Amino acid sequence: KGGEPYVMQTWPNKFNAKLKKEYTLHKYPLNPDPEHFEPEALEDFKHIALKLFRQPENENPPLWLGSMKYEHELPMYEGTGSQLMALLRLRPDVREQLRILKILEPDGFLCKFTRGKEEGEKPFHMQLALPYALYTKQGWETMACIKPVVQFNWEAERYLPEEKIRSDPAGDAGVISFPLDMEWVSGPAYLWTWRGAAVLWSGAVFTVGFSFLFYARADWWEHGPLSDFWQHLANTFIALVIMSVIVFGLYADNQAMSYCIVPWLQNVERTMIIPFYGPADCDLFQRFSLACTLSQILTIQLNAWILGETIQNRKNCQINGAWKWLWNHSGFGFCPLNLIHSLLLLWGLSALQMVVPALCTLAYRSPFTASTDIDYSEELSRPIGRQSYKQKFGFFLSGSLTEGVTLMALAAGMKYTGAVSLSYPLAMIKRIKTQQMGFRIRNTPEDVWEQTEHGWQFRCMKELQKLNHVQFKRVTFILVFKYACQMNVQVTLFILKGAIHNKVFNYFAAVGEL
């Protein structure tokens, strides 16, 4: 119509005595209500019906115009899609009256319908910026229903409206909170993870330099009482540095998680799980996670201290000789690198735990502007083809602030913040699949983004791809470089030293080192 396509809705009915009794009928071409029986649409319907049943064109076809009016005393709620969604979240009594079973975030609901003896469930979605009427549909089926206000006004006559919805006597009971997206709160968390990582690795570099340049083991360490004041001062100073790094790391981890915990709890079904213990309350899970963070930070600092001390005592021929003997008599049969070079190589690989995530996140966003300059960028168009799901350097660079938080928590050993790194992406993949959350389409007149179902499979694949990127970095840097390589070398050095200096091997100390 007017150069634009339009749709005519039709459905079958029985033209029997019951229908003739309930409806007011008028034989075509009589049209008592041109406002509702639009003449142009009526003529189009006549031509389509005659063609469908292969009847010749005539001026007196067997068409009837019928209308029925009945009183509907159940309430109707009017507002934009976002306002109606807020109403359904806040008012359990309205959900109960409309028989709404579930809120389908961010723009819909699942309701119960009754059709005779049959019952079932039906989902509805709406555009958040457009005005709708939410009411209980009665007739062939009874269920909650939404219609654009323009269509509702065309079909119905209203009672006098109530200016304000009556308050719910139950108060806040039954209120459904709006599930936050992790991306919305990741800006401040990203800044805190960066601060923690910067302080932690600055402390590690300082520990290596201090141990190498200024730290020398005194006689009191192995042979008796303190005899060197400067040695005691050096020990106290490096201990204070390590303690300061640990305290700030724990504080940064707690601050970062304070922003992430609400969307994590809202979107993930099973949270606060402690290994070999099971579900825990918030306080217990916080203490356990921060204890794990303390262990990670202390491990990084001690690794740096051992590296510096080993370099400073690199002239110890006994340990170097034992290192070469161990390699030559192993399954390899040769020593590829001496002790110092091996430690430098493995510490450098372990330091990639910080270097790679830092480069990945800095390439995407500066930590200094993340907390104040949070935008939600959308690609207005994307060519869908064989290579459309691939991005150049996508495997190395983080694509969102949420991924940046996860990577920097990995870099700083923040186990509390890192608890969301696996569970939250899996929950988002499940949510996208269950609710079929596809691409967002920009509604130009209202200038808002509307959720659609188109492309939900593509979004699931992209979320899985991002999860794979983060977990691959985690396994490579933590499990392989740090635990499998560097920690084994440190334990080997401890065993060699114990075997050289002690006649009886100290099993208790070996277990403590492990």
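Is Glu 105 buried or exposed, and what is its relative accessible area? In this predicted model, Glu 105 is buried, with a relative accessible area of 7%; buried denotes under 20% relative accessible area, exposed over 50%, and partly exposed the range in between (1.4 Å probe, protein chains only). Residues are numbered from 1 along each chain as its sequence is written, and side-chain values use heavy atoms, with hydrogens and water left out. Because the model is predicted, local features need pLDDT of at least 70 and side-chain atom pairs count only at pLDDT 80 or more, whereas totals for chains, interfaces and linings use all residues.

The structure contains 12 salt bridges, a salt bridge being a side-chain nitrogen of Lys or Arg within 4 Å of a carboxyl oxygen of Asp or Glu. One of them joins Glu 105 to Arg 89, with the closest N and O atoms 2.8 Å apart. Glu 105 lies in the loop between β4 (100-104) and β5 (108-115), and Arg 89 in helix α3 (residues 81-90), so this pair ties together parts that are 16 residues apart in sequence. Helices (H or I, at least four residues) and strands (E, at least two) are DSSP runs, numbered from the N terminus. Arg 89 also counts as buried, at 10% relative accessibility.

A further salt bridge is formed by the side chains of Glu 141 and Arg 115 (2.7 Å, N to O). Glu 141 is located in the loop between β7 (131-137) and β8 (143-148) and Arg 115 in strand β5, so parts 26 residues apart in sequence are tied together by the pair. Glu 141 is buried at 11% relative accessibility, while Arg 115 is partly exposed at 26%. Glu 141 also meets Lys 137 in a salt bridge (3.4 Å, N to O), and Lys 137 is partly exposed, with a relative accessible area of 29%. Arg 115, Glu 118, Lys 137 and Glu 141 are linked in a network of salt bridges.

The largest nonpolar core comprises 58 residues, of which Trp 201, Trp 264, Trp 347 and Met 354 touch the most other members. Such a core is a set of buried Ala, Val, Leu, Ile, Met, Phe, Trp, Tyr and Cys residues joined through side-chain atoms within 4.5 Å. At least two residues of this core come from each of several helices, including α6 (182-213), α8 (229-267) and α15 (456-501). The greatest contribution is that of α6, with 12 residues. Beyond its neighbours within four places in sequence, Trp 264 is in contact (heavy atoms within 4.5 Å) with residues including Met 182, Phe 285 and Tyr 424. A second, separate core of 23 residues includes Met 85, Tyr 135, Met 143 and Ile 146.
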